[in-house]
Amino acid sequence: MLNQSYEPVSICSVQKAVILLYLEKAEMIEENRHRRIHSVSATWPFPSIIRLGKYHRVLYKSIMLSRKNILRRDGHRCQYCGSSNAQLTVDHITPRSRGGMDSWENLITACVGCNNKKGNRPLEKTGMTLLSKPRRPSHVSFLLQSVHTIEDPWRPYLFQA
C-alpha cells in the first residue's frame, strides 16, 4: 500500500485492499495479471499495489529502539563472529559504564560468548571487529523483512525511499 505521495506505507491483505478500493479510498496502481477475484456474477482484478486517495501522515516511520528490533535489524546474527545458532544478546559497542548510550548506532546483536569476551571494554581495546556498522533501520527495510518474495512491480516503489 502506497501513500498518496507514492511512498510505501505497509503491506496489507488483499481483503483490505479490495475494501479500500470498493470504498474509493484507494486506487489500483498495479494488478496481479495471473490472478482474479471472482464472485457469482463478476470478476475483478487482483490488486498488487494500491495508492491511498488521501495523504496519511505515517507516525510509525521511525522504528522503535527495542531488543526485538535490534535482533531483527542484525538478521539474528552475532555482529562479531556471524553466528546465528547461538544464544543471542544485545551488546553496547561503547559500554554504558564508559558513557555509551542506548542508540541504534551503539547497540548490536552478539552471541553470549562474544559478549563475554568483549566484556566491559570499548571495542577498540578488544581487537574484535564488527561485521557491519550499526545504523538506524529504515521503515522500508522492515517492510521488506515482512514479505518472503518481492514482486517485480513493487521494486520501483520500495527502493525509491
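Buried residues (under 20% relative accessible area, with exposed meaning over 50% and partly exposed in between, for a 1.4 Å probe and protein chains only) make up 38% of the 161 residues in the chain. The model is predicted: local features need pLDDT of at least 70, side-chain atom pairs count only at pLDDT 80 or more, and totals for chains, interfaces and linings use all residues. Residues are numbered from 1 along each chain as its sequence is written, and side-chain values use heavy atoms, with hydrogens and water left out.

**Overall make-up**

- The chain has 5 helices and 4 strands, where helices (H or I, at least four residues) and strands (E, at least two) are DSSP runs numbered from the N terminus.
- Read from the N terminus, the order of elements is α-β-β-α-β-β-α-α-α.
- Of the contacts (heavy atoms within 4.5 Å) between residues at least 6 apart in sequence, 59% join residues at least 24 apart.
- The chain exposes about 10,500 Å², of which carbon and sulfur atoms supply 52%; accessible areas come from the Shrake-Rupley method with a 1.4 Å probe, and for residues only the protein chains shown count as cover.

**Strands 3 and 4**

- Strand 3 (residues 88–92) and strand 4 run antiparallel and are joined by 5 bridges; two strands pair if DSSP finds at least two bridges between them.
- His92 has Leu107 of strand 4 as its bridge partner, and Thr89 has Ala110 of strand 4.
- Strand 3 is largely enclosed by the rest of the structure, because 4 of its 5 residues are buried.
- Strand 4 (residues 107–111) is mostly covered, with 5 of its 5 residues buried.
- In a regular strand the side chains alternate between the two faces of the sheet.
- In strand 4, Leu107, Thr109 and Cys111 point one way, while Ile108 and Ala110 point the other way, and all are buried.

**Salt bridges**

- The structure has 5 salt bridges, each defined as a side-chain nitrogen of Lys or Arg within 4 Å of a carboxyl oxygen of Asp or Glu.
- One of them joins Arg51 to Glu27, with the closest N and O atoms 2.4 Å apart.
- That pair links distant parts of the chain: Arg51 is in strand 2 (residues 43–52) and Glu27 is in strand 1 (residues 26–38), 24 residues apart.
- Arg51 is buried because its relative accessibility is 15%, whereas Glu27, at 35%, counts as partly exposed.
- Arg73 forms a salt bridge with Asp74, where the closest N and O atoms are 2.9 Å apart.
- Arg73 has a relative accessible area of 16% and is therefore buried; Asp74 is buried too, at 10%.
- Arg96 forms a salt bridge with Asp102, with the closest N and O atoms 3.9 Å apart.

**Arg96 and its surroundings**

- Arg96 lies in the loop between strand 3 and strand 4.
- The relative accessibility of Arg96 is 55%, so it counts as exposed, while its salt-bridge partner Asp102 counts as partly exposed at 47%.
- Arg96 and Pro122 are 26 residues apart in sequence, and their C-alpha atoms are 10.0 Å apart in space.

**Cysteines**

- A disulfide is a covalent bond between the sulfur atoms of two cysteines.
- The structure holds 0 disulfides, taken as pairs of cysteine sulfur atoms within 2.5 Å.
- Cys78 is in no disulfide, and the nearest cysteine sulfur, that of Cys81, is 3.7 Å away.
- Cys78 is buried at 0% relative accessibility, whereas Cys12 is partly exposed at 24%.

**Asn69 in helix 2**

- Asn69 lies in helix 2 (residues 67–73) and counts as buried because its relative accessibility is 9%.
- Leaving aside neighbours within four places in sequence, Asn69 is in contact with Ile63, Met64, Trp104 and Phe142.

**Nonpolar surface patch**

- Ile19, Tyr22 and Leu23 form a nonpolar patch on the surface, with about 380 Å² of accessible area together.
- Patches are made of residues with over 30% relative accessible area and no salt bridge; like charges are joined within 9 Å, and nonpolar side chains (Val, Leu, Ile, Met, Phe, Trp, Tyr) within 5 Å.
- Tyr22 is in helix 1 (residues 14–22) and is exposed, with a relative accessible area of 71%.
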